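Me: I would like to go through this structure by question and answer. Please show it first.

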Amino acid sequence: RAGESSAGHKGGFPAPAGTSRLAMPTAAPSPPDPLLETQVLWTRYKTPVIASILLVILGLAGYGIFRIYSERRNEAAATSLATAKSPADFEKVIADYPQTGAALSAYLLLAEQQRAKQQFAEANTTLQKFVDAHPKDELAATAKMAMAANLDSMGKANEALALYRAI
């Protein structure tokens, strides 16, 4: 046949002893280069990584700003409450700092002043605003008891008793 050598192989060259023409000897695969893999990953995911880092930084900065603002607001509310003497002062604390502990205290102190002046209906209105604004607060039950005492002072014993029972 044409193209076969005397050893019976195609191509005209004899195969080396102990090998066949189908498998060629190759070098063992080299281990992956970590530096090259890192560069490929960075090139591929650079934008999402940077965006994620920036989002985390912005989130932390926003949280820090919120905390500083809240602390300063609470300090200002406490200072305002400490200087409050009249009902108008307490109403200003409630209006200016509605979601602070100082506002909660201002409701109760305002109601106390109103009760001391025998303004039981106004005191109950103030206490009801407190309960409506903060129904889950631990002082809500105390406010309801004060409302019942005010009702009793107004001569409305049945209403006072009903409120005491509801507490």
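Reply: Accessible areas come from the Shrake-Rupley method with a 1.4 Å probe; for residues, only the protein chains shown count as cover. This is a predicted model: local features need pLDDT of at least 70, side-chain atom pairs count only at pLDDT 80 or more, and totals for chains, interfaces and linings use all residues. Residues are numbered from 1 along each chain as its sequence is written, and side-chain values use heavy atoms, without hydrogens or water.

Me: What share of the accessible surface of the chain belongs to carbon and sulfur atoms?

Reply: The accessible surface comes to about 12,400 Å². The share of carbon and sulfur atoms in that surface is 62%.

Me: Are helices H1 and H2 roughly parallel or roughly antiparallel?

Reply: Axes are lines fitted to C-alpha atoms, for helices over the stretch in contact, and angles run from 0 to 180 degrees between N-to-C directions. The axes of H1 (residues 34-83) and H2 (residues 87-96) come within 9 Å and cross at roughly 170 degrees. Angles under 35 degrees count as roughly parallel, over 145 as roughly antiparallel, 65 to 115 as roughly perpendicular and the rest as oblique. Therefore H1 and H2 are roughly antiparallel.

Me: Is Val93 buried or exposed?

Reply: Val93 lies in helix H2. Buried means under 20% relative accessible area, exposed over 50%, partly exposed in between (1.4 Å probe, protein chains only). Val93 has a relative accessible area of 0%, so Val93 is buried.

Terms used: Helices (H or I, at least four residues) and strands (E, at least two) are DSSP runs, numbered from the N terminus.
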